[in-house]
Amino acid sequence: MSPAIEIIIDTDIGDDVDDALAIAWALRRPELDIRAVTTVFGPVDKRAQLVAKLLQLFGRADIPFAAGEGQPLSVPAGDPRQAWLTREPNQYPLVLPGEPLPAPASCGGEELLARTIEAHAGDIWLVSIGAMTNAARLIERRPATAAKLKGIACMAAETHLLRKEYN
């Protein structure tokens, strides 16, 4: 059997079910080794709590997670997507008030990305399943670290709506 593929999942979990399902699927795949999870877009702290709940449900409190960038690099004034930056994710009511959840990493999303990439240089993929702000910031601010990724796999843009990705 070949070694597990090391990945970091960067997600905007909470609005549609696709990200939660993707993370749940990845958690159950023996060929994947999730090294970290970061959140992106809008209320990233609430998204991180959803990640914490999912990791807890799967008994994977060992996977570090952190809130990343909430504000996309490019959303023009008047763009209807601006409203999404402040509203609570649809799935957030699943996090009960006062519920004991795993704690996020002691650093923010960008730092968690950088530390994880450096610790697994050349062996880790960034799997971006949300807005690509964290990936863009990593490349912009830490190009030498970003160059140590094995690759980036992403689900980006909504071509059927004829608009570009946020970044």
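Biologist: Which residues of helix 4 are buried?
Modeller: Keep in mind that this is a predicted model. A residue counts as buried when its relative accessible area is under 20%. In helix 4, which covers residues 133-141, the buried ones are T133, N134, A135, R137 and L138.

Biologist: How do I read a phi angle?
Modeller: Start with the general rule: for most residues other than glycine, phi is negative. Now look at F41: its phi is positive, about 80 degrees, and it isn't a glycine. You'll find F41 in the loop that links strand 2 to helix 2 (44-57).

Biologist: Is F41 buried or exposed?
Modeller: F41 is buried, because its relative accessible area is 4%, and the cut-off is under 20%.

Biologist: What about P72, buried or exposed?
Modeller: P72 sits in the loop between strand 3 (65-67) and helix 3. Its relative accessibility is 5%, so P72 counts as buried too.

Biologist: How are aromatic rings described?
Modeller: For a pair of aromatic rings, you give the distance of the centres and the angle of the planes. Searching this whole structure turns up zero aromatic pairs.

Biologist: Then which residue lies over the face of Y92?
Modeller: That's K46, at 5.1 Å from the ring centre of Y92.

Technical notes. Residues are numbered from 1 along each chain as its sequence is written. This is a predicted model: local features need pLDDT of at least 70, side-chain atom pairs count only at pLDDT 80 or more; totals for chains, interfaces and linings use all residues. Side-chain values use heavy atoms; hydrogens and water are left out. Buried means under 20% relative accessible area, exposed over 50%, partly exposed in between (1.4 Å probe, protein chains only). Helices (H or I, at least four residues) and strands (E, at least two) are DSSP runs, numbered from the N terminus. Rings of Phe, Tyr and Trp (its six-membered ring) pair if their centres lie within 6.5 Å; planes under 30 degrees apart count as stacked, over 60 as edge-to-face and the rest as tilted. A charge sits over a ring if NZ of Lys or CZ of Arg is within 6 Å of the ring centre and within 35 degrees of the ring normal.
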